[in-house]
Amino acid sequence: RRHWPCRDAERSCHRGHPRSSKELPCQVAVSAAGTEGPVVSCTFQTVSISGSLTYTLVCLFEMSPSENTDALSILKELIAVPSINPMGRDVSGEEFYEGRMTAWLESYLTHHRLPCEVVEVAPGRANVVTRIDSPGASRTVLLDAHQDTVPVDGMTIPPFEPAERDGRIYGRGSCDVKGGMAAMLAAVARLASERPAGMPHIVMS
């Protein structure tokens with residue numbers, strides 16, 4: 001169970017429930033990444049963008065591990081998972097730190113039958129490591145990306161709703177560094193499946 005921003009939900013969810021601070025009886029939610037799943041609960045969160053308050057419906061629903069193996073689809077899912085680094089500020093909320101990003105990565109790697117080690121370095125903050133061993137290889141290639149993003153203060157677009165326009169994709173973390181992470185995850189999933197001749201050992205963290 002994870003929280004996902006529900007797209008097109010400034011005043012109501014796509015099931016027609018009105019804006020409320022209480023749980024809403026949705027049956028199905030569609031995440032900003034386009035993933036659909038059965039809803040456990042829905043709440044609205046207030047987000048300050050450019051000095052004004054906006055509302056984002058957040059649905060808690062069952063999320064199956066990602067089937068995606070192409071980088072663009074993976075990136076959209078990564079953007080839709082908030083993982084804000086508060087930058088030393090005394091704040092709280094599920095959108096802060098990397099806990100949900102770590103859970104998504106663990107599900108993705110497990111789904112693709114890749115080994116996964118989660119090493120907690122601080123409460124709510126962990127490194128995720130996977131490895132593909134290649135028999136006879138003498139080289140190791142390390143792929144590394146951080147899970148957190150900078151805050152969303154001052155953004156003029158919904159930060160966790162990935163949008164494609166003119167050959168670009170917009171959303172918090174799309175460049176730094178979830179774009180790179182998506183490419184790495186796509187490559188690791190493909191290498192694990194195809195096992196090309198001469199492949200080095202692969203480590204991703």
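Hi everyone, let's start with helix H3: it has 17 residues and spans 24 Å from first C-alpha to last, close to the 24 Å expected at 1.5 Å a residue. That expected span is 1.5 Å times one less than the number of residues. Helices (H or I, at least four residues) and strands (E, at least two) are DSSP runs, numbered from the N terminus.

Please remember that this is a predicted model, where local features need pLDDT of at least 70, side-chain atom pairs count only at pLDDT 80 or more, and totals for chains, interfaces and linings use all residues. Residues are numbered from 1 along each chain as its sequence is written, and side-chain values use heavy atoms, leaving out hydrogens and water.

Which residues of H3 are buried? Among them are Met181, Leu185 and Val188; buried means under 20% relative accessible area, with a 1.4 Å probe and protein chains only. The buried residues pack against helix H1 (71-79), H2, S6, S7 and S10, where contact means heavy atoms within 4.5 Å.

Four strands form an open sheet in the order S5-S6-S10-S7, with mixed pairing; two strands pair if DSSP finds at least two bridges between them. S5 (117-122) and S7 (140-143) are the edge strands, each with a single partner strand, so one side of each has no neighbour in the sheet. S7 pairs with S10 (residues 201-204) in the parallel sense, over four bridges. In one of these, Thr140 has His201 of S10 as its bridge partner.

Definitions and conventions
Buried means under 20% relative accessible area, exposed over 50%, partly exposed in between (1.4 Å probe, protein chains only).
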